[in-house]
Every structure is written in structure tokens, then in C-alpha cells.
Amino acid sequence: MMLLDERYLLLFERFGSDTELGEPVEVKLEQLAEALYCTPRNAKLILAKLRSEQLIDWFPGRGRGNRSRIAFNMDKEAYLMQLSQSLVEEGNYKRAFDLIGIHATGTFAKPKFLEWLDKQFGYKKGEAGEGQHPRDALVFPVLKPPLTLDPAELLYSFDSHLIRQIFDRLLRFDMQQGSIVPMLAHAWSSNSSATEWTFHLRKGVRFHNGQEMTSRDVKFTLERLQEGPANSWLMRGVESIETMGPRTVCVKLSRPNRIFDRFMCSAAASILPYGFAGMEEGYWSLPLGTGAFRLISWTTGRIELAAFDAYFQGRPYLDSVDIVILPSDCALEMEENAKVHHSMDTMRMYSYAKGEAWQEIEKLCQGCTMLIWNVSREGPQQSEALRRVVKMILHPGEMVAELGGERALPAFGFRPETSSSHTVEPMRPERIRRALEESGYAGEVLRFACHPKYGEDGLWIMNRLSGWGISAEMVDYESWSDADLCISGLVFPEDEVCEIEAYEHRDYIMHSYFDEERKKWITGRINGSKTHVFEGN
């Protein structure tokens, strides 16, 4: 149903754009009804309401030949700003953006609104009532909503970040210490062959509904992971999960896994309540865990989190976190203006500082943007020489220099520290020509999948290849599984076994693009690994 404010804007746009405020303009009631998509009778009721709100003056014509007149008392831009700001303050971001998107044409309302909105984000200290403490909140926008809050289906870094606030894992990998530390489990051990792992749970840890966490919850979670979700790779080799009392869980493996405790640090292994706390399908609309924050609401345009007072590691400093999911058509403006921005590949965040001052920082993400070859598909990309040619042609240092933006440095590995110590070699045209001849490339068109986010990178790549006679056709990113190569971003959310996950996750591109021989080799390396191998590269 169209609301009164939209009706005022519609009438203003139709009849008031070319007149001064307060200056009556002649109009027929039938014309007003047509503009409002209603009958003349309903149009009279709407005009009466607008008049009572002092938005218009309405002078109905009396007698034959006397036309009605309407005068607008509120400037369109000012009214739109006032209305949109009021909606944001009520938490109705979606409607505010909808109104700006529909009615801002011909005004400066959109840039003014975005500039005002930018100031609403960040750390906020609310006013305290009598005898109460002021509430501390963080409000920030994101340009991509989470795809899932189910740890078993987790893939993207932002989803992982939210899951870590709502849920906890048995163990946690501490990056500063470089070691695994207790979390829901206060102690753990394995037998000498690393085929049997025992976890001892803390007492008194509670889910957000007040229910105490026990070994039954852990068994339920791990057995659910075995049933084939995207992250079932974490349970590869697990034969049985046994509870030994309410606070001890024993996991038995068919083969040694000396980094199984590191697997249990993964956000994908976050502990759920047994039987979804009796909520069944409705559980995922507002999932509950044992984490520092409770999920209060999750709608199309907003996610609200509140501090969990009974959190076993101590109540968080923030009382609430309000995540605003911005409409996609405002992405460009908010990337330029917003103090806090998160997408799948980059993050700008606030860091707590002395004097309760929140400062904007930029963090170089743990990951990279990379070109991935689909060697599970027949085509010219099966030639190792051609792949080597493309690698030499697409000089990453020149891409960074020419395109700039968030491209921080050439990538020669997954992590920035690896790339920063790498020496960039100059292009060698003679080597490229020799390798191109060796490849036997005969002008076949390479199918190149590129997400719109990497459109500028994709065009740069295609132009470079074209200069050496290599043809590439950009295809829709949704068709990546049938492409010969793809440009994609990889971000490690924080720590744990994220590099293993990049190879093993059922839905990640690399897993689909590798042939069976490579998959077998990778699995063998992972199965034979020890913890220290995965702390760097």
C-alpha cells in the first residue's frame, strides 16, 4: 500500500516541479486521481490527509468553469531528506533507500543522504536512563549479505565472521601464540597414533536459550558434519563419536590425523545445540549458539546482534551490533564514503582505542585474487606450456601499477607476507614467444568466467592476452563450472586450517577445477601433514 509520504512525492513530481513553494497550480481532481492510481473519491480523502499534515493547501473548484488548485508547502529534496533520515533512525534502512532510489531524480538528495548516513555508522554511545549505564553499540554497513549462518555450509569470510560471534568451537587457534588454545573444551588429548582424540568440556557453558552445553551437543554437531554438507571434509576418516559422560567426547579415526585438533578450531565445526534446541526448521531463521553475541533479528536489510550476558569467556564490551545491508545500487557511493565496509574480499573495520575513540583502519586481508585454470575440462588450457605463457604475460606488478585501487601488491602466494618478500621479475618477450610455440596454441577461444566485482581486472587480462594473439571470451560468472579459467578471490577468515579448506570445500572453485590426479595428490599431502606445515603457506 502506498503511504502518505509517497503520495506527496508523486503529486509534487507531477504537478509541483515547475512552481514555487506555496504557489497554487490549477489541476483537475481526475488528474490527481490518475497520478495517485485511485478513484476521485479516494483522491479527496488523500488530499484531506495531506492538508491536515500541512504538506499541501487544497482549493477545490466550486461551480462550472472553476478549476481546483493545489499548492505544495514542502520542498521535494528537503522532504525526501527528512523522511529518509527519519526512516533510518527507526531502523527501516530498506525503505529509506527505496524512497531515495525512486524519488531523488532531479535533486541532490542521494549524495546528501549518503553523506549524512555515513556519519550514522561506527561506534555509538547511547543515552542512559535514570540509574542505567549508557549502551555501547557498533553500527556498520555491508555490501553483501551473508549467504548462510549454518557452519556446516560455511564458505565466505563474512559468514565466518558472523558465525564466530554467534557460535563457539571446541578449540581456537591463537595467531599471536601460534598454538591451539582451549575454548569450549578446556583440555584435549590424542593417543600416540593420533587415531583417537578426547575432548573434555567446560562446565557451565550455556546456549543463548539458557540450556547448558554438554557432550550430547558436540556429538550431534559432529555427526551432522559427517552427513555430507559442504564442510564434511573436516570429518574425513572419522569412524565414531562417543560420549563418555556429559562432559567428555571421544572421536575415533580410521587413520592418523595429527592435526585433527586444528580441524576442531574451524568455524565450520562450531557447536550447535542437540536437535536444534527443539526448533527444527525454524532454528536457522534465528540460530542460537554459545557465542558472545545473540542474533536478535535477521531481515533483508538488517542484522541485529546483542551481547550475551552469560558468555563463558566474559561479557563483550559492546552491548549491540547493528549490521546494515545496503542495496546494491548504492554500493559505489558507500565504498567511497562509508567508514566501515565489508565485502567478500576486503574489510575495513574499527579498532578500539584509548578514550573510547574508534578509529578507521585498513586491514590487508589474508588472501588474494587469482586466476584459476579448469584442468578438469578438456581444452587448450590442458597445455602446461600455455598456462606458463599466460602467467608470464599477465605481469601482476603492471596490473597493480596500472589499475591501482584496492590492489595492494602482486600475489605470488595466498598470503601477503609471502608475496611481499617475492622479487618481481621483468617480462621476457623471447621466453613468452618460445613457450607459446611449445604450447601448440592454435587460436582457440578460452572461456573466461569473471565476477562483476573483478570486471576491470578481467578486461585488463583479456587485453593483455589479445596482444599476444590469445583469444578469450568473457562468460557469465554463473557459468564458471563450464569455463576454461576463472578469476576469483580467496580470503582466509582468520586462522585454523583455512588453506586446507580452500582445497577441500565442496563448493569452492579450486575443488571443482582440479582433476582427479591433483585431488588425490592434495588429499595425500593433507593426510600426511602435521600442524606446523599449515601455519604459514
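Analyst: Helix α15 (residues 455-466) lies across β18, β19 (446-450), β20 and β21, where contact means heavy atoms within 4.5 Å, and α15 runs at about 165° to β20. Here helices (H or I, at least four residues) and strands (E, at least two) are DSSP runs numbered from the N terminus, while axes are lines fitted to C-alpha atoms, for helices over the stretch in contact, and angles run from 0 to 180 degrees between N-to-C directions. The model is a predicted one, in which local features need pLDDT of at least 70 and side-chain atom pairs count only at pLDDT 80 or more, whereas totals for chains, interfaces and linings use all residues. Residues are numbered from 1 along each chain as its sequence is written, and side-chain values use heavy atoms, with hydrogens and water left out.

The four strands form an open sheet in the order β18-β21-β19-β20, and their pairing is mixed; two strands pair if DSSP finds at least two bridges between them. At the edges are β18 (367-373) and β20 (472-475), each of which pairs on one side only. From one strand to the next, the twist averages 30°. Strand β18 runs antiparallel to β21 (residues 485-491), to which seven bridges join it, and Met 370 has Ser 488 of β21 as its bridge partner.

Elsewhere, β10 (residues 238-243) pairs with β11 (residues 248-253) over five bridges in the antiparallel sense, with Val 249 of β11 as the bridge partner of Thr 243. These two strands form a hairpin with four residues between them, and Gly 245 in the turn has a positive phi of about 90°.

Among the helices, α5 (residues 93-103) packs with α6 (residues 109-118) at an angle of about 155°, their axes being 10 Å apart. That makes α5 roughly antiparallel to α6, since angles under 35 degrees count as roughly parallel, over 145 as roughly antiparallel, 65 to 115 as roughly perpendicular and the rest as oblique. The contact is made by Tyr 93, Ala 96, Phe 97 and Ile 100 of α5 and by Ala 109, Lys 110, Phe 113, Leu 114 and Leu 117 of α6. Its residues divide into eight nonpolar, no polar and one charged, where Ala, Val, Leu, Ile, Met, Phe, Trp, Tyr, Cys and Pro count as nonpolar, Asp, Glu, Lys and Arg as charged, and the others, Gly among them, as polar.
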